[in-house]
Amino acid sequence: MADRFAPGDAVRTSTADPAWHTRLPRYARGAVGRVVEVAGHHPLADDRARGLPGTTRTVYHVRFAAADLFGDGDHAVTVELWEDYLEPADPSGGTP
Amino acid sequence: MSGDHHASSAISERVRHVEALLEARGLVDEGEIDRRIDEFLAGGSPANGARITARAWVDPGFRDRLLTDANAAIREVGLSMAGGLQEQRLKVVANTSEEHNVVVCTLCSCYPIALLGPSPAWYKSEAYRSRVVRDPRGVLAEFGLDLPATTRITVWDASAESRYMVVPRRPEGTEGMPEEELAGVVTRKGLIGTAAV
């Protein structure tokens, strides 16, 4: 299985608010960050929590500037996210 | 999920009830869950994280390997992340004079028990989990760690399958101290990133 993203890629997280368990924290929805590295390949937690088989998917460390998540702050937050939560972002859309 | 895990809490009652049902229906043997938890916790101690840190302080090659592939590196000191049902990925990050790292699990309380022992109550509290991602500088100051304004802070949210450990900065005045003695100055808070050592 090929990884869709590589370190340095700008990605935008999903804005969806699913009715089930998800590991995309609410504070990191709809935000642009940058892939730090691949963090392994694991069945999607959203599927497993619903008793679905859960295909193995790539998981990434994605770094966000606090200001892009909360509107202020000078720190960074690195969140571990399944590929399913991510779409490519315009590289000029954020520089965490 | 509740912040604390006291034996008298409502969540504990619910867990005991589910456990009794699982046993009554023959899905688990009596006492099996306790035995599995004991196995999982066996050997888990902040002394392990301290040993890894001391080695990283005295051996720059080990430090580099640790930051690149922590699971392989900790096997060099006889440790592993394979104590549970499957080996968990370990990500180790190192504090420097320019950058400070701190770990949280905002969704629950994920934590490398094998290397840090059972997690402290504050790590599982809603206050820590919700506040440290938004205002790490303020939360760290409440822990007594005042970082210079020039220090960049990165918060690591253990939101998926990896577990995280911080290598704190080596304290000044410890040059020449033997590795075993260095391990003795490392604290659990230092390994989470909420204190200097």
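## Confidence

The model is predicted. Chain B has a mean pLDDT of 92, and 96% of its residues reach 70 or more. One stretch of chain B falls below 50: residues 1-5. Beyond near neighbours in sequence, that stretch has eleven contacts in the model.

## The contact between the chains

Chain A gives 22 residues to the contact, and chain B gives 20 residues. The size of an interface is often given as the accessible area lost when the parts come together. Here chain A and chain B bury about 1800 Å² between them. Carbon and sulfur atoms account for 46% of that area.

## Polar and charged links

Five salt bridges are counted between chain A and chain B. One of them joins Glu37(A) to Arg89(B). The closest N and O atoms of this pair are 2.6 Å apart.

## The side of chain A that touches chain B

Three elements of chain A give two or more residues to this side. They are strand 2 (32-43), strand 3 (56-65) and strand 4 (76-82). Strand 4 of chain A gives the most, with six residues.

By type, the residues on this side of chain A divide into ten nonpolar, six polar and six charged.

## A strand pair across the interface

Strand 4 of chain A also pairs with a strand of the other chain. The partner is strand 3 of chain B, residues 152-157. In which sense do the two strands pair, parallel or antiparallel? The pairing is parallel, over four bridges. Within it, Ala76(A) stands opposite Thr154(B).

## Strand pairs within chain A

Strand 1 of chain A covers residues 10-13. Three bridges join strand 1 to strand 2 of chain A, and the two run antiparallel. Ala10(A) stands opposite Arg34(A), a residue of strand 2.

Strand 1 of chain A also pairs with strand 5 of chain A, residues 86-88. This pairing is antiparallel too, over three bridges. Here Thr13(A) stands opposite Leu86(A).

How values were computed: Residues numbered from 1 in each chain as written. Chains lettered and ligands numbered in written order. Predicted model: local features only at pLDDT ≥ 70, side-chain atom pairs only at ≥ 80, totals over all residues. Heavy atoms only, no water. Contact = heavy atoms within 4.5 Å. Buried area = accessible area lost by both parts, 1.4 Å probe. Salt bridge = Lys/Arg side-chain N within 4 Å of Asp/Glu carboxyl O. Nonpolar A, V, L, I, M, F, W, Y, C, P; charged D, E, K, R; others polar. Pairing = 2+ DSSP bridges. pLDDT = per-residue confidence, 0-100.
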